Protein chains: 4
Amino acid sequence: MKKFAAISRFPRPSPAAKAKVRLEPVRDAERTQQAILAAAEEEFADKGLAGARVDAIAEQSGANKRMLYYYFGSKEQLYLAVLERAYGAMRQAERELNLLDLEPLDAIRRLVEFKFDYYREYPRLIRLLAGENMLDASFLKASNQLREMHSSLGEILESVLAAGEKQNVVKPGIDPVHLYISITALSYFYFANRATLSVAFSRDLTRADEINERRTHAVQVMLDYVRV
Amino acid sequence: MKKFAAISRFPRPSPAAKAKVRLEPVRDAERTQQAILAAAEEEFADKGLAGARVDAIAEQSGANKRMLYYYFGSKEQLYLAVLERAYGAMRQAERELNLLDLEPLDAIRRLVEFKFDYYREYPRLIRLLAGENMLDASFLKASNQLREMHSSLGEILESVLAAGEKQNVVKPGIDPVHLYISITALSYFYFANRATLSVAFSRDLTRADEINERRTHAVQVMLDYVRV
Amino acid sequence: MKKFAAISRFPRPSPAAKAKVRLEPVRDAERTQQAILAAAEEEFADKGLAGARVDAIAEQSGANKRMLYYYFGSKEQLYLAVLERAYGAMRQAERELNLLDLEPLDAIRRLVEFKFDYYREYPRLIRLLAGENMLDASFLKASNQLREMHSSLGEILESVLAAGEKQNVVKPGIDPVHLYISITALSYFYFANRATLSVAFSRDLTRADEINERRTHAVQVMLDYVRV
Amino acid sequence: MKKFAAISRFPRPSPAAKAKVRLEPVRDAERTQQAILAAAEEEFADKGLAGARVDAIAEQSGANKRMLYYYFGSKEQLYLAVLERAYGAMRQAERELNLLDLEPLDAIRRLVEFKFDYYREYPRLIRLLAGENMLDASFLKASNQLREMHSSLGEILESVLAAGEKQNVVKPGIDPVHLYISITALSYFYFANRATLSVAFSRDLTRADEINERRTHAVQVMLDYVRV
DNA sequence: TATGAATGAGAATTCATTCAT
DNA sequence: GATGAATGAATTCTCATTCAT
C-alpha cells in the first residue's frame, strides 16, 4: 500500500490539491506531481543532482517511476522544477518583506533575521543552492523562469542605504550588492557548513542555543558595518 | 606505509597532468600517486563524490585505472585522501600565519585577507568543502587524520581578542569561534556562490576588480565588528 | 497473466532456455524469474559460485542482465535462491518417500535406491552441494529457509531401525544419522567423483551398465550392514 | 620482513630444503617454490581454482608474485603442480600400505582406517579433489604425471579378495573397484560434507568423538559387506 | 633470483529511461 | 493516468599477467 510523502511547508501545494479529500492516491494529477516534487526536493537536497536516485524519488513519493517522466520529462527537468519552486519561494518571501516601510537600520536587522530564519527553517534550500553552485549555476542560468527572478533586493537595499545616509545613521559608500552578499553569507555559511565546522571546533553547532547565539552575532556584525 | 614529501602550499596538478600529457611510464610510485591525487582533486572538486568518474581521474592523471585502486583502494578512499591533503594544507597554512606576532587589529585583518586569498587561489578547496558538507562531513568525521586537525585558530583568536581588549582596541565579549566562522563566511560564500549570485544580480562577480572590491569589503566588515 | 504450471520434480531449464532461444519479451515476472533460476542453476552447478558468470546466466536465461539484479539483488543472493530451490526440492522428495509404510529392510533398500536415482537424475544437485561444501556451507547456514529444512530422515530412520530391531531383522545399536550419511555417501561420492575415479581406474564409470552395477552394489552394502 | 608460510606435513619439502639453515629468505629457489606450493595448496583447497587469488597466494607464501610465474608459469600450472603433489603423495602412501602382507579382513580394515585417517589429517586433499571433480577432472586428465599414477589398489584389492575367498572369509563376486570406491566414499563424503550435514542434522559432526564414532562405523559397514 | 609498479581485459553492479498492458 | 517489467549504456572494481629495475 502506497503512501504519499509529507509535503514541505515552504513551497506549498496549490490550494486545490490541499482541499482534496485524502482518498486512495489514484489518478490525481496535481497531488501526484506535488508528491513527486516534495520527494525530489528532499533527494536532490540530500544527494545533489548526480547523487540523487530516480528510483528513490519514485519510492519516496509513492508514485510510479513512470509518472515522474510523464510529468517532468527527465531527472534533470525534475531537478529544475524543484530548484525553481524552492528558489522562487524564497524570492517571493523576500519580496514580501517590505523593507522600505521600516527605518533603515531596522530594515537591515530585519533582512539579516529573515535570511537567518529562512535558512534555519528551510535547510534544504541551502543544500539545493550548494549543489547548484557546484554545477556552476548551470540550471539557474538556463531557467527562463529563474532568470527573470533577479533579486529585487539590490535595488531595495540601495534605497534603504540611501535613506539611512540621508538620516545620517548609515555610513556612506556601501555597495548594496556586497551588503546583501555578506548578510546572506553570515547565515548561509553557518548552516551550510555546520557539519565541517562542528568537527573543526569540536563544538556542536546544531544545538538551539548555538543557533540563537549565531543569529544575534550575525545581526551585530551587519549593524556594526552599516552604522555610521 | 607511504609518506608524502612536504606539500607545496597548494597541492596543484603538475603542468604535465594538466595538459593531459601521458606520463612516460616511469615506475615511480610517488609520482604516480601524486598525479592521481591531483587529477582526483580536480574531478572531485568539479563534480563532487557522486558525480566524479573514476575513469576520468585515471585518464586525466595519465595512470592506469588499476593504479588508482592499487594505491588508494576505492573511489571513496581516494576522495578521502584528496580531502585530507587539501584540508591539511589549509590548516598547515593557517598554522603558519603567526597571528600572535601581530597587533590585534592587524591580526584580524591578516586573517581575513589570508582566508580570502587562500580561497581565491585555491577555489578547488571551496568546492571540495561544499561537496563534503553535502555529505554531512561524513568523511571528515571518519578521518582519524582530520579529526586531529582541529583548527587551532579558535584558541589563537581568543588570545588575539584578549590582547585587543586589554589594549582597548577590541570590544569585549566576542566569541572567537563565531568570529572565525564569519571571517570565513565572507570569503567562502562569495567564491562558492559566485555562480548563482552573478545570475541573481546580473553582475559578473568573477571579474578581478569585483574580487578586489570584495576583499576590501570583507576586511571592513570584520574590522568594524571587532573594533571597540 | 502467464503462470507456470506446478514445477516438475526436478527444477530443470525449459527446453527453450536450453537451446539459448531468446524468450519473446513477454512481461511475465514469474517466467523471467524461473528462466533466470534455471540458467543460474546450470551455471552455478557447472562452475561454482566463484567461477559462475553473471553474464553467462543472463544470456542463457534470455533475460536482460539487469533483471537478475531486479529480482534477486546480487549474484550471491541468486546463488542462494538456486540452492534453496534445489535443496528444498530434494528434501520435499524425501518427505514423500513414506518409508514408515514399508517393511524395515524394504525401507532401507528404498532409501538407498531413492538417493541413488535422485542423484543420477539430478546431477546438478551434487555439484551444487559440492560447491556449497567448499564454501563451508556458508549459504546453507545463513539461509533461514534452509535452516528450517532439517532432514526429517534422522527421525524416520530411527523409527525404521527400531521396528526392524523389534522384528529381529535389523541389528541393534545402529546410529540412524551415520546410516543416513553412509547411504548418501555411497551414491553421492560415486556421482560426484566419477571424473577422477574414471581416470584413477582407467574405467569409464559413466556408462549405464556401470551405473546400474553401482546401484546394486550400494543396496547390497547397506543391507549387509543393517541386517541382523 | 617476510615470513615463509608453514609448510604442510603431507607433501614434504625435499630433505635438501629441510636441512637448510633458516637465514634470510633470499635467493633460495627450492625454498621459495615450496613456500609457494604450500600457500597455493591452501588457497586452492579453500577457494577452488576459480576462487583462488594469485595475490593471496603470493602474499601468504611470502614470495613476490612474479616468482610464482617464474617458477610455475601460470595460475593453472601452479594449480596442477599442487594437485600433482597432493594426489601423488596420497598414491604413494597407499603404495606403502603393503596390504598383501595382511590377512584379507585385516587388509580391508586397514584400508578403511587408512583412508579415514588420511582424509582426517589432510582435509585439504578432499577439498582439492572436490574442486577438481567440479572441473570434471580436467587437470587430472591432462596431467601426464597423474595419468601414470593409476591407483594400484584395484589390483591389490583384487588379490586381497581372492585370498579371502580362498580362505572362505570373504564372500565371492565382489568388484574390487566398487569396494574401493565405497571404502573411500564412507570417509570422503563425511569429511567433505561435514559442513552441510551438520546443518541438516543439527549435530556438530566436527567433534572428535563424532569423528571416532564415524571411523568405527565405516569399518563396520565395509567388513559386514565383504565378510562371507 | 627478486621486487614493486603497471596493464588491459573483464566482471559485477547501477542507473536513467522506455515498453507493454 | 498508472503500473511493473524490461533495457542498454555506463560505472566501479577485480584479476591474471607482464614490465622495468
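1. By what turn, and with what RMSD, can chain C be laid on chain D? A turn of 180° with a shift of 0.0 Å along the axis does this, and the RMSD is 0.1 Å, where copies are superposed by least squares on the C-alpha atoms of residues with pLDDT of at least 70 in both. The two copies are thus related as by a two-fold rotation axis. The same surface serves both copies, since 96% of the contact residues of chain C recur in chain D.

2. Some ground rules for reading the model follow. This is a predicted model, in which local features need pLDDT of at least 70, side-chain atom pairs count only at pLDDT 80 or more, and totals for chains, interfaces and linings use all residues. Residues are numbered from 1 along each chain as its sequence is written, while chains are lettered from A and ligands numbered from 1 in the order in which they are written.

3. The secondary structure of chain A comes to 12 helices and 0 strands, where helices (H or I, at least four residues) and strands (E, at least two) are DSSP runs, numbered from the N terminus. Of the 228 residues in chain A, 44% are buried; a residue is buried if 20 or more other C-beta atoms lie within 10 Å of its own, exposed if 12 or fewer, and partly exposed in between, with C-beta atoms placed from the backbone. Two residues are in contact if their C-beta atoms, placed from the backbone, lie within 7 Å. Among contacts in chain A between residues at least 6 apart in sequence, 68% join residues at least 24 apart.

4. The domain assignment of chain A gives domain 1 (15–73) and domain 2 (86–226), and such bounds come from an automatic or database domain assignment. Taken over C-alpha atoms, the centres of domain 1 of chain A and domain 2 of chain A are separated by 30 Å. The contact takes 7 residues from domain 1 of chain A and 7 residues from domain 2 of chain A.

5. The largest nonpolar core has 144 residues, of which Val82(A), Phe189(A), Val82(B) and Phe189(B) touch the most other members; a nonpolar core is a set of buried Ala, Val, Leu, Ile, Met, Phe, Trp, Tyr and Cys residues joined through C-beta atoms within 7 Å. H11(A) gives the most to this core, with 16 residues. Leaving aside its neighbours within four places in sequence, Phe189(B) is in contact with Ile181(A), Thr184(A), Ala185(A), Tyr188(A) and Phe189(A). Apart from this core lies another, of 140 residues, among them Val160(C), Val170(C), Phe189(C) and Ala58(D).

6. Helix H12 (residues 194–201) of chain B is mostly covered, with 6 of its 8 residues buried, including Leu197(B) and Val199(B). The buried residues of H12(B) pack against H7, H8 and H11 of chain A together with helix H11 (176–192) of chain B. After H12(B) comes Ser202(B), whose phi is positive, near 45°.

7. By class, the surface near DNA strand E has 14 nonpolar, 6 polar and 19 charged residues.

8. DNA strand F is surrounded by 39 residues, and the closest are Asn64(A), Arg66(A), Lys75(B), Asn64(C) and Arg66(C). The residues of the surface near DNA strand F divide into 14 nonpolar, 6 polar and 19 charged.

How values were computed
Ala, Val, Leu, Ile, Met, Phe, Trp, Tyr, Cys and Pro count as nonpolar, Asp, Glu, Lys and Arg as charged, and the others, Gly among them, as polar. A residue is near a molecule or strand if its C-beta atom, placed from the backbone, lies within 6 Å of it.
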